[in-house]
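Have a look at the structure below and keep it open while you read. This briefing walks through it topic by topic.

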Amino acid sequence: MRKLTSKLPHTATSIFTYMSQLALRHNAINLSQGFPDFDGPPRLIELVNQHLLAGHNQYAPMAGVGALREQISANVAAAHAVVYDPETEITVTAGATQALFTAMAALIRPGDEVVLFEPAYDAYAPTVQVFGGIPKPVTLRAPDFAIDWDAVATLVTPRTRLILINSPNNPTGRVLSDSDYQGLIQLIRNTDCYVLSDEVYAHIVYNGVQHRSVSQYPELRERAFVVASFGKLYHMTGWKVGYCLAPHELTAEFRKVHQFNVFSVNTPTQYALADFMKDSEEHLGLSPFFQKKRDFLIAALQETGFRPLPCQGTYFLVANYSAISDLPERVFCETLTKQYGVATIPISAFYHQEVNQHLVRVCFAKQEQTLQQAATRLKKVSPF
């Protein structure tokens, strides 16, 4: 048999899977992979059961259940004063990562260049490469991970097809400001670039910081895909339901791929989400809910050798361990897991090339008991 030539020859098992498996083998507290260790709202689970029993168990419409798309439209309008047509501009997806994949599939042609910002979610660059695109990473560094838009402009060429942004950002917790969006507007003006905006943590921001969506800027909205996640919104990451917003011309291209990729998404879950979203208190209460957890972890880390960096959003915290060790980040995380029983993620895993800034990402979407147990173990970490 002829040997298969890999489309992703340099891609291995993700760091998230690896660290979770390592945590399991060493009975470590898993603060690495980004999922809560608590369940979502009981009423939402009850609603899914109701719709299962009501017979909503066959294929949903390809674009998503109409009631859910209408509710998404209403919620986006309330949050950002922007109206997306539920019929032609909103598509329900099998999670946010599928939405990102489908948007890139609809846009990227062989040889197209895609500007993205690192540290970045590890699915971005491989997806670009699968479709023959060329990732053009912009390296951002601690402690503020600020974007120099003049420097970014030097990467934009006639072959640049897409600018990929993520706010609030995983893993840094940074939220893009109005000046960032103005910089992006200037960057793509008079170009043929599109924008893909990953906004899955939009409702998780802290200390009065305002999340701004690409959809709020007309010059960006007309050429942007916006991706969101119900898994992050309602603590149900295993349900894998998200959605994509885009002008109708872009949505039409998105759906051409979507119909042959996933076609439709879990039906009873969509009906349940449509019912549940009518009460906005759940997602509007996410910021204080997670800020309490963030602040608990920050306070706990003050009694250790870890030094937390600013966190404006998401449920991840980046911490500097240079007072503990000079080991490269991945080796440090492996050692921390094996010897002290706490699993984290090296920030270097979010860059295309090894960058050792002595940083780890910690997920604080955990029960307070879990965070307390992890803090107790981290206090025992001595320099190594």
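The sulfur of Cys 363 lies 11 Å from the closest cysteine sulfur, that of Cys 311, which is too far for a bond. A disulfide here is a pair of cysteine sulfur atoms within 2.5 Å, and the structure holds 0 of them. Keep in mind that this is a predicted model: local features need pLDDT of at least 70, side-chain atom pairs count only at pLDDT 80 or more, and totals for chains, interfaces and linings use all residues. Residues are numbered from 1 along each chain as its sequence is written, and side-chain values use heavy atoms, with hydrogens and water left out.

**The two cysteines**

- Are Cys 363 and Cys 311 buried or exposed? Cys 363 is buried, with a relative accessible area of 0%, and Cys 311 also counts as buried, at 8%.
- Here is the scale: buried means under 20% relative accessible area, exposed means over 50%, and partly exposed is in between (1.4 Å probe, protein chains only).

**The sheet**

- Now picture an open sheet of 4 strands in the order β9-β10-β13-β12, with antiparallel pairing. Strands count as a pair if DSSP finds at least two bridges between them.
- Which strands sit at the edges? They are β9 and β12, each of which pairs on one side only.
- Strand β10 (residues 316–320) is largely enclosed by the rest of the structure, because 4 of its 5 residues are buried.
- On one side, β10 pairs with β9 (residues 307–308) in the antiparallel sense, over 2 bridges. Find Arg 307 and you'll see that its bridge partner in β10 is Asn 320.
- β10 also runs antiparallel to β13 (residues 359–363), and 5 bridges join these two strands. Asn 320 turns up again here, standing opposite Leu 359 in β13.

**Helix α14**

- How many residues does α14 have? This helix (residues 329–340) has 12, and it reaches 15 Å from its first C-alpha to its last.
- That span is close to the 16 Å expected at 1.5 Å a residue, where the expected value is 1.5 Å times one less than the number of residues.
- Several residues of α14 are buried, among them Phe 332, Cys 333, Leu 336 and Tyr 340.
- What do the buried residues of α14 pack against? Their partners are α1 (15–25), β11 (342–343), β12 (345–346), β13 and α15 (368–378), with contact meaning heavy atoms within 4.5 Å.

**Backbone details in the loops**

- A cis peptide bond joins Ala 142 and Pro 143, with omega about 5°. You'll find Pro 143 in the loop between β4 (134–139) and α6 (149–153).
- The bond from Ser 167 to Pro 168 is cis too, with omega near -10°. Pro 168 belongs to the loop between β5 (160–166) and α7 (178–188).
- Ala 81 isn't a glycine, yet its phi is positive, at about 60°. It is found in the loop between α3 (66–80) and β2 (90–93), and it is exposed, with a relative accessible area of 71%.
- Asp 85 is also placed in the loop between α3 and β2, but it is partly exposed, at 33%. Its C-alpha is separated by 8.6 Å from that of Arg 69, which is 16 residues away along the chain.
- Phe 263 is another non-glycine with a positive phi, of about 70°. It sits in the loop between α10 (248–261) and α11 (267–276) and counts as partly exposed, at 34%.

**The largest pocket**

- The largest pocket has a volume of about 850 Å³.
- What's a pocket? On a 1 Å grid over the protein atoms alone, it is an open set of points where a 1.4 Å probe fits, with protein on both sides within 12 Å along at least five of seven lines; lining residues have an atom within 4 Å of a point.
- The volume is the space filled by probe spheres set on the points, which are joined across faces, edges and corners.
- Of the 29 residues in the lining, the closest to the centre are His 10, Asp 122, Ala 349, Tyr 351 and His 352.
- Which element gives the most to the lining? That is α5, with 4 residues. β3 (113–118), α5 (124–130) and β4 each supply at least two.
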